[in-house]
Amino acid sequence: MPRFTVHIRDEWLAVPCRDTTYTVGWLGQEALKRYIKNKPDNGGITSVKDTRFVVRRCQGLGLLDADDTIDDVLEDNDFVELAIEGDTMSPDFIPCEPGVSHITAAYKEPEEYIFLDGNSLTSTDLVNLGRGLYKIKLTPEAEKKVVQSRELLDTIVKENRVVYGITTGFGKFARTVIPVSKLKELQENLVRSHSAGVGNPLSPERTRMLLALRINVLAKGHSGVSLETLHAMIQAFNASCLSFVPEKGTVGASGDLAPLSHLALGLMGEGKMWSPKSGWADAKYVLEAHGLKPITLKPKEGLALINGTQMITSLGAEAVERAQAIARQADIIAALTLEVLKGTTKAFDSDIHLLRPHQGQMEVARRFCSLLDSDHHPSQIAESHRFCDRVQDAYTMRCCPQVHGIANDTIAFVRNIINTEINSATDNPMVFAERGETISGGNFHGEYPAKALDFLAIAVHELASISERRIERLCNPSLSELPAFLVTEGGLNSGFMIAHCTAAALVSENKVLCHPSSVDSLSTSAATEDHVSMGGWAARKSLRVIEHVEQVLAIELLAACQGIEFLRPLRTTTPLEKVYDLVRTVVKPWIKDRFMSPDIEAVHRLIIDQKVWNVAKPYIDKYQSEYIPESRPVSPTAFSLETPASPRKRVRHE
């Protein structure tokens, strides 16, 4: 028999429906009858028949017409919200914000799988799992290791050995031995009590990343989780049944206890959960709607699910991927600004950078040459000032290889740490099946990713800091030789005046956010956990810094394209003209003042989607394949970037 789950005020109600030709209005009245049945005062409802209400789907919040038949607008096990006239939205109902979640906006169940073994997942893979592009399977080797470690734990329990977290309490209670009859309750109590986070929930994408990463760590076979429980977690992931995980509450040692506990709580059928089908609802209903059962924890499994650095690391994976994307596009945007400000490419001569052979510096200089070389890509703008008397440019243009370069090298350094952490066993105690023992250690301490992500924020911030100064040069007529604030009829129109203020505000905010969180430590758990990493905040603020950098560079790109308008009919190089054309597909030229925020957001979206990079990359690749000799020097201490070290290049001379 079809059944629907209806949310009224603070309760979820299961309403069976024998005949789906009944109307949505009938479904609402049936739900109201069930709601008032268990209320001493009938929930303040005097008459079901006279109560006015609206019904909307939880997924997408679409309103349903009361006269429509259920068969026409709903599917079996759908989730709906009933709002009684005069009520405010229930605080327990958490709608998915439009535009926030890629999965919510257009979710299509993936057909491809990524096989996890605990050893080979990358930050790129993890972000793609978060976007809902793949499902998960375990490799046979991983399944074998998981079974072996679980067999050892079952033996420990059977022999009544005293082992931390398996037959004892936790933290300060490590010396308290728990009877075998209460070991299941011990693990359940652990998850419930540690589900103490606060704040907004992680987005569905980030929760998917968190769940996928925890699965990957458990697949290493050193945590003692059963294969049955691990398969249940994978089924929940593949169905996109995602727990409510508050973003705040972790100190980054012993691991990310609070967020991972919330993750496990939903899998136990408790708390809230989200899926594309249901939106937010009680976890037990969401699991049931997808044909899944709550997990039942065995000895040590609660600890295995919640002890580790997976929130820091999963957010760090997103941070490092977005950082790389914005760093590459920052070079393109700065090159366009240099063209508008009629700068020189002499500072990008490869011989200069071979004398200071940092990998990132040479990489950036090569990109600038790829975009600006006048022999390869003729530029009418460059030709117009070939014989000017300017000797050199301001630091914000001339020093891009040095400033952007260290951001590139830092991203490569942090990526290495994050990818190592992604494939590390980080809980406690560790199970060594081959040795027949468990060993307590400190792999749960988040200092590695915490320090790395603090460093990432500092380095990537500089891309916005130098970009804001270039925006100033574009807007200032005494520096740009362009109309003030890049608009005609100045005074009547203000142009980019406040867009520049926005960029300055974001840069200033980043200065505070770049203060390292990992320099702080507060003793917790009655001084048992007496040094912590504060890595959760390091990860979250690094993402905020990177978002601000993206927005500042979006403003610079808008300003540079507007500057081009005042240089017409002259044209810039072919790749930069392609970038200009891309921007003009979403934002028209600024002729007179208009609402600017949508323009900034539209270009920000181009940057997030890496469209600026994608449109310029073919030209960069072609140039480098034609102008890079096979033998080239490489800094021996450099970290691996996407492309090799800088070669000799042709430069443009004015």
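## Basis of the model

The model is predicted, with local features needing pLDDT of at least 70 and side-chain atom pairs counting only at pLDDT 80 or more, while totals for chains, interfaces and linings use all residues. Residues are numbered from 1 along each chain as its sequence is written, and side-chain values use heavy atoms, with hydrogens and water left out.

## Domains and their contact

The chain is assigned domain 1 (3-84), domain 2 (110-307) and domain 3 (318-432 + 443-523 + 531-626), with bounds that come from an automatic or database domain assignment. Domain 2 contributes 36 residues and domain 3 contributes 28 residues to the contact between them, where contact means heavy atoms within 4.5 Å.

The centres of domain 2 and domain 3, taken over C-alpha atoms, are separated by 38 Å. Between them, these two domains bury about 2400 Å², of which 54% is on carbon and sulfur atoms; buried area is the accessible area (1.4 Å probe) lost when two parts are put together, summed over both.

## A three-stranded sheet

An open sheet of 3 strands runs in the order β9-β11-β12 with antiparallel pairing, and its edge strands, β9 (242-243) and β12 (279-282), each pair on one side only. Strands (E, at least two residues) and helices (H or I, at least four residues) are DSSP runs numbered from the N terminus, and two strands pair if DSSP finds at least two bridges between them.

Strand β11 (residues 272-275) pairs with β12 over 4 bridges in the antiparallel sense, and K272 stands opposite D282 in β12.

## The second largest pocket

The second largest pocket has a volume of about 550 Å³ and a lining of 28 residues, with A253, S254, L257, S525 and E529 nearest its centre. On a 1 Å grid over the protein atoms alone, a pocket is an open set of points with protein on both sides within 12 Å along at least five of seven lines, a cavity is a set where a 1.4 Å probe fits but cannot get out, and lining residues have an atom within 4 Å of a point. Grid points are joined across faces, edges and corners, and a volume is the space filled by probe spheres set on the points.

At least three lining residues come from each of domain 2 and domain 3, and the helices α6 (183-194), α9 (257-267) and α11 (301-306) each supply at least two.

## The largest cavity

The structure holds 3 cavities of 30 Å³ or more, and the largest cavity contains about 60 Å³ of space. Its lining includes F496, L558, W590 and D599.
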